[in-house]
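Good morning, and thank you for making the time.

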Amino acid sequence: MLHGIEVDINRFMTESSKVQKQRFIEALSPPTHAETPEHATITVNETIGRFAFLYERIRNAVDYKDDHLIRKAAILRIMKRQLVLENEPRVIADLLIRELIGARYLPNAKLSESKIDEVAESIRKFQAVAKIKAGSERHMEWLRGLIAVEIEERLVDAKIEKALANFLYERIAEQIRIKDGTMDETERRLQIYVACLRTFQKADEEVLGYKLLRAHLPEWVHPETWIEDARPIAERLVAQERRIKTCLKHRLGPTFSRLVKPWSVSLNVLRDVMQEKPEDVVMLLEKPEQLAIRVARKAESRYASSRGRVRRGTVRAILYLFVTKMLVALLLEVPLEWLWYGGVDRLALGTNLVFPPVLMFCVGLLIRIPGQKNTERLQLGVKELLSDEPLPLREIRVRSKKGMRQFWFTAAYAFTFLLSFGLTISLLQALHFTWLSISIFLFFLCIVSFFGFRLRVAARELFVVEGKQGIFSMFVDFYSLPILRAGKWLSRSINRINVFLFIFDFLFEAPFKIFLTVLEEWFAFLKEKKEEL
């Protein structure tokens, strides 16, 4: 039996849809009274906050991440730095929260000072486990990521998202089945829940890992039972990492996500509709025609917002590629060309300079926005979720990975790598590119293609109607898939050695943030002296 996840994934869904709908109403209903903090609030000097906010904007341009992951990444980065500079958990927690407020990741003068103690508990747990040294540095990096998720959950109220994710799971848990029953029931429900979080909350591997850690290791949320002797927990964490990563890499995970997505996106749009005017929740549930109109209106609004995100994402990706990748490569290409070949090929240099931003611009330009059929499917998804009837049954057919057919498919997939890169290299050689220029071109081709693919996936988060695949699109997929795979590997590898991030994090950020902290303390001291007058 698993514990700790917000819903019991092993429980048979005996609740009626009316009970589930009532939970949905309660989740979206406005609070009856405004919450007031029991303790003094954490306040950061506005002037200091402007400097911190400006710094974060500049750094986020260098370190490209999806918008919903930026705050968590900032928590992880600040925590890692503070763990090096400080040892007292409460001091680390206080500095961490103040930096987040200054950078406008959290509201100013809204959080209770009791949050410092909550975050300090998370820091204390990590320090206790880290002292044992039961795992490798990669294991500790994994654990730091989970601690960042825990800290974000402590600081940001996500009750509505959790309640709606539970509502989604409870509505669909019995409606997605494995044909011939070839999957364990507990694993099937777990994969459905993971798919709900991936599609509804856009949870990444760290968020999902934290959810599963709480499920598999319930003692983690009760540190008072093990903090004095952390060795057993530290050793179990190493085994849990392998278990969790195996679960998240399940080969049917993408299939579950694909089946859950139409209902998940419909629920996302429905939430936006209800949160516009929470007082209308009950009325809209009683008038399906009016609800359908508002869902369509909100869907069109989300499509428009998606266009804006595509434009901003394209600009950010171009800036990121130029600053972190292109500049470094060009600084290497020119001197090495002179050293090895006695000159610089202007055609190759110009191509490598112009090609990446042009390709990124074209990718952003060609990204489509959903149409009327997609809106109609969203309306149907909302109707199905709120209906008293069970949702339509979906079955997953598990294909065997054994036999000669799988072997030949794998061999053909490997051949596509040779074909894609072989054709590209042959074309560049025909244009008299040197091997250095070819290497740089392929590098940018892979990186830009992968960024464009990520941008396209983000733009398609509202798509619930699959488009038709023609011969041209099949050819493009055949050629681009190996390049995208290489781009994914390169992007992850290079992010670990990003020179600009090293400069920001170690040579600039630490002294800059220390200066801001001292400056804020100085302002507080002057204010105190002024009040004494």
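Let me begin with a question: which residues in helix 4 meet which residues in helix 5? From helix 4 they are Pro-89, Arg-90, Ile-92, Ala-93, Asp-94, Leu-96 and Ile-97. From helix 5 they are Lys-115, Ile-116, Asp-117, Val-119, Ala-120, Ile-123, Arg-124 and Gln-127. Contact here means heavy atoms within 4.5 Å. The residues of this contact divide into nine nonpolar, one polar and five charged. In that division Ala, Val, Leu, Ile, Met, Phe, Trp, Tyr, Cys and Pro count as nonpolar, Asp, Glu, Lys and Arg as charged, and the others, Gly among them, as polar.

A word on the basis of all this. The model is predicted, so local features need pLDDT of at least 70 and side-chain atom pairs count only at pLDDT 80 or more, while totals for chains, interfaces and linings use all residues. Residues are numbered from 1 along each chain as its sequence is written, and side-chain values use heavy atoms, with hydrogens and water left out.

Now the chain as a whole. The protein chain has 19 helices and two strands; these are DSSP runs numbered from the N terminus, with helices being H or I of at least four residues and strands E of at least two. Of its 533 residues, 46% count as buried. Buried means under 20% relative accessible area, exposed means over 50%, and partly exposed lies in between, with a 1.4 Å probe and protein chains only. Of the contacts in the protein chain with a separation of 6 or more, 82% are accounted for by residues 24 or more positions apart.

Let us return to helix packing. Two packed helices are described by the angle between their axes and the distance between the axes. Axes are lines fitted to C-alpha atoms, for helices over the stretch in contact, and angles run from 0 to 180 degrees between N-to-C directions. For helix 4 (residues 89–102) and helix 5 (residues 114–132), the axes come within 8 Å and cross at roughly 120°. That makes helix 4 oblique to helix 5. On this scale, angles under 35 degrees count as roughly parallel, over 145 as roughly antiparallel, 65 to 115 as roughly perpendicular, and the rest as oblique.

Next, helix 6, residues 137–155. Of its 19 residues, 15 are buried, so that helix 6 is mostly covered. What does helix 6 pack against? One partner is helix 3 (residues 70–85), whose axis comes within 9 Å of that of helix 6 and crosses at roughly 120°. That makes helix 3 oblique to helix 6. Among the residues making the contact are Ile-75, Leu-76 and Met-79 of helix 3 and Ile-147, Ala-148 and Ile-151 of helix 6. By class, this contact has seven nonpolar, one polar and six charged residues.

Helix 9 also packs with helix 6, at an angle of about 85° and with the axes 8 Å apart. The two are therefore roughly perpendicular to each other. Helix 6 contributes Gly-145, Leu-146, Val-149, Glu-150 and Glu-153, and helix 9 contributes Glu-206, Val-207, Gly-209, Tyr-210, Lys-211, Leu-213 and Arg-214. This contact has five nonpolar, two polar and five charged residues.

I turn now to the loops. Most residues other than glycine have a negative phi, and most peptide bonds are trans. Arg-104 has a positive phi, near 70°, and lies in the loop between helix 4 and helix 5. Lys-202 has a positive phi near 55°, and its place is the loop between helix 8 (185–200) and helix 9 (205–216). Lys-202 is partly exposed, with a relative accessible area of 36%. His-432, which follows helix 16, has a positive phi near 65°.

Finally, is Arg-460 buried or exposed? Arg-460 is buried, with a relative accessible area of 18%, and is found in the loop between helix 17 (435–459) and helix 18 (471–495). Not counting residues up to four places away in sequence, Arg-460 touches Lys-261, Arg-368 and Glu-466. Arg-460 and Arg-368 are 92 residues apart along the chain, and their C-alpha atoms are separated by 8.1 Å. Thank you; I shall be glad to take questions.
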